[in-house]
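This report describes one protein chain for a reader who is new to structural description. Please keep the sequence and the structure in view while reading.

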Amino acid sequence: MKQIPGIKKEAFDLIDKNEDAIVTINDSIFAFAKIAMQEFETCKLVSDVLKEQGFTIETGISGFPTAVLATYGSGSPIIALHTEYDALPGGSQQAGVTERKPVVEGGPGHAEGHNCGAAVMLGALFAIKEVMERHKLGGTLKFFGVPAEELVLPRPFFVRDGYFNDADVVVNCHIAHDLSTTYGVRNYGNINAEFEFFGKSAHASTSPWTGVSAVDAAKLMDIGWDVLREHLPLSQRSHSVFMDAGVVPNMVPDYARIWFMFRNSTSDGVRMLFEKAKNVAEGAAKMTGCTWKAKITAAPSPGTDNQRMAEVMQKNIDLVGMPKWTDEDVELAKRIQKAAGVPEVGLLPDVTPLKKAVQDTSSNDGGDITWVVPHARLHFPSNVPGVPFHHWCAGISPATPIGHKGALVGAKVVAGTVCDLLTEPGLIDEIKKSFAAEMEGIEFESLLPDDAKAPVGLNKAVMDSFRPELEKHYVKKPVKFVK
Ligand SMILES: [Zn+2]
């Protein structure tokens with residue numbers, strides 16, 4: 001049996017004692033299933049829970065109506081925590097059911113388990129602030145509840161607007177199939193851009209020669225980009241969808257909109273792709289006689305994590321250990337794996353050792369934070385090994401005992417890490433030195449344009465259409481934390 005030092009033991013005991021509250025938060029946000037920019041119920045739940053615990057609440061930061069900034073305590077160190085809580089369009093799936101069974105047909109759902117991240121953070125925050133109070137520990141907690149991660153949206157805005165300027169260190173968590181952390185560059189930068197083309201409408205049969213088709217320009221841009229792809233560095237990833245592509249065939253369409261994502265391993269590599277895409281758009285517009293414009297809608301940098309922070313987090317991972325999985329948990333995991341068509345290996349019994357990150361091609365809007373403040377990211381095991389996110393099978397475990405147990409160990413690791421940051425003399429200075437060494441010679445420049453604005457109202461119509469059906473499945477149980 002591992003010996004848990006005093007203050008941490010209190011924090012862990014508080015988390016165990018409040019399992020019911022943490023699970024209720026987890027399952028409530030799962031049931032809300034709100035997609036990007038429409039997380040109003042989630043934002044309210046998170047705000048209400050933290051307000052009751054004495055946090056000062058600010059919503060709507062950087063113009064994102066469903067973002068929360070909750071602050072507790074005073075003075076240094078200032079420890080920021082953040083996690084996302086949005087769902088995915090079309091991701092609706094009944095928890096624990098291993099055939100395709102949406103809660104609401106065609107509706108949104110947590111096919112990436114962001115509901116669990118919020119449960120981890122609220123559980124951890126309760127325990128941390130409680131031990132801070134009991135032991136009169138100085139310091140400030142700042143929790144950022146993040147909307148619209150699936151559109152890699154808000155956090156570059158938060159950084160741009162100075163919300164992380166005074167933070168000493170930052171702790172983040174994300175659902176995974178293991179209990180782990182890494183250091184170094186972990187994922188890709190990404191520019192999301194919309195290209196609009198403007199033509200001239202005409203009767204498509206009686207006078208097509210008087211028309212200028214904006215859809216033709218968008219098609220040519222897409223084809224042009226595909227041809228160019230052969231001559232782009234192998235590191236790049238780019239993908240597009242048509243957002244507006246005409247209304248009826250017998251009318252020459254005067255408007256078209258195509259949405260591209262340009263990803264690369266470095267921010268300069270992402271910028272290079274976007275610059276080339278603008279040339280392709282210009283060419284397509286010239287060929288067809290259209291005019292065009294481009295707008296960057298989201299633009300996170302790659303994410304990197306600090307090694308010293310990761311070491312501190314790993315110590316807590318080793319201390320907490322994996323959840324005690326039951327035979328039923330393992331059996332459910334295998335059924336989920338079978339449904340997803342991946343090896344039926346069950347659940348991991350052991351924590352993952354600390355290692356340097358292997359950069360993958362995904363993106364997360366938290367990237368910008370990691371270049372301005374020392375940052376650690378926890379992966380906690382509420383998903384099942386091998387099951388890919390954004391697949392309906394990844395929406396099965398986040399509101400089952402697997403999801404709950406994963407969230408509980410996640411909360412303990414976050415709480416333990418913050419306890420170390422608050423109480424170990426000199427630790428934060430050490431982390432800052434290590435961060436300064438990692439960032440030597442790097443001049444961080446965000447990919448986000450200075451004038452970018454939050455897309456308020458995005459997804460409103462679609463969310464309004466599903467809300468009445470979703471409401472029938474909300475968890476009707478108050479969240480009650482006990483000291
Ligand atoms: Zn995610």
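The model is a predicted one: local features are reported only at pLDDT of at least 70, side-chain atom pairs count only at pLDDT 80 or more, and totals for chains, interfaces and linings use all residues. Residue numbers start from 1 along each chain, as its sequence is written.

## Domains

The domain assignment divides the chain into domain 1 (6-187 + 302-471) and domain 2 (189-298); such bounds come from an automatic or database domain assignment. The centres of domain 1 and domain 2, taken over C-alpha atoms, are 35 Å apart. To their contact, domain 1 gives 14 residues and domain 2 gives 14 residues. Two residues are in contact if their C-beta atoms, placed from the backbone, lie within 7 Å. On the side of domain 1 that touches domain 2 there are eight nonpolar, four polar and two charged residues. In this classification Ala, Val, Leu, Ile, Met, Phe, Trp, Tyr, Cys and Pro are nonpolar, Asp, Glu, Lys and Arg are charged, and the others, Gly among them, are polar.

## Helices

Helices (H or I, at least four residues) and strands (E, at least two) are DSSP runs, numbered from the N terminus. The expected span of a helix is 1.5 Å times one less than its number of residues. The table sets out two helices.

| Helix | Residues | Number of residues | First to last C-alpha | Expected span |
|---|---|---|---|---|
| Helix 2 | 19-32 | 14 residues | 20 Å | 20 Å |
| Helix 6 | 214-228 | 15 residues | 21 Å | 21 Å |

A residue is buried if 20 or more other C-beta atoms lie within 10 Å of its own, exposed if 12 or fewer, and partly exposed in between, with C-beta atoms placed from the backbone. The buried residues of helix 2 include Ile22, Asn26, Asp27 and Phe30. Among the elements that cover them are helix 3 (40-52), helix 4 and helix 10. Ala33 follows helix 2 and has a positive phi, near 50 degrees.

In helix 6, the buried residues are Ala214, Val215, Asp216, Ala217, Ala218, Leu220, Met221 and Trp225. Their cover includes strand 7 (189-198), strand 8 (237-245), strand 9 (255-264), helix 7 (267-288) and strand 10 (291-298).

Two packed helices are described by the angle between their axes and the distance between the axes. Helix 8 (residues 307-320) packs against helix 11 (residues 427-438) at an angle of about 135 degrees, and their axes are 7 Å apart. That makes helix 8 oblique to helix 11. Angles under 35 degrees count as roughly parallel, over 145 as roughly antiparallel, 65 to 115 as roughly perpendicular and the rest as oblique. The axes are lines fitted to C-alpha atoms, for helices over the stretch in contact, and angles between N-to-C directions run from 0 to 180 degrees. Helix 8 contributes Gln307, Arg308, Met309 and Val312 to the contact, while helix 11 contributes Leu427, Glu430, Ile431 and Ser434. By class, these are four nonpolar, two polar and two charged residues.

## Individual residues

Several backbone features lie in loops. Ser76 and Pro77 are joined by a cis peptide bond, with omega about 0 degrees. Pro77 is placed in the loop between strand 2 (68-74) and strand 3 (78-84). Lys136 is not a glycine, yet its phi is positive, about 50 degrees. Lys136 belongs to the loop between helix 4 (114-134) and strand 4 (139-146), and counts as exposed because it has 6 C-beta neighbours inside 10 Å.

The loop between strand 13 (375-381) and helix 10 (401-423) holds His390. His390 also has a positive phi, near 70 degrees, and counts as exposed, with 12 C-beta neighbours inside 10 Å.

Although Ser397 and Ala333 are 64 residues apart along the chain, their C-alpha atoms are separated by 8.0 Å. Leaving out residues up to four places away in sequence, Ser397 touches Ile336, Ser382, Asn383, Val384, Ile402 and Gly403.
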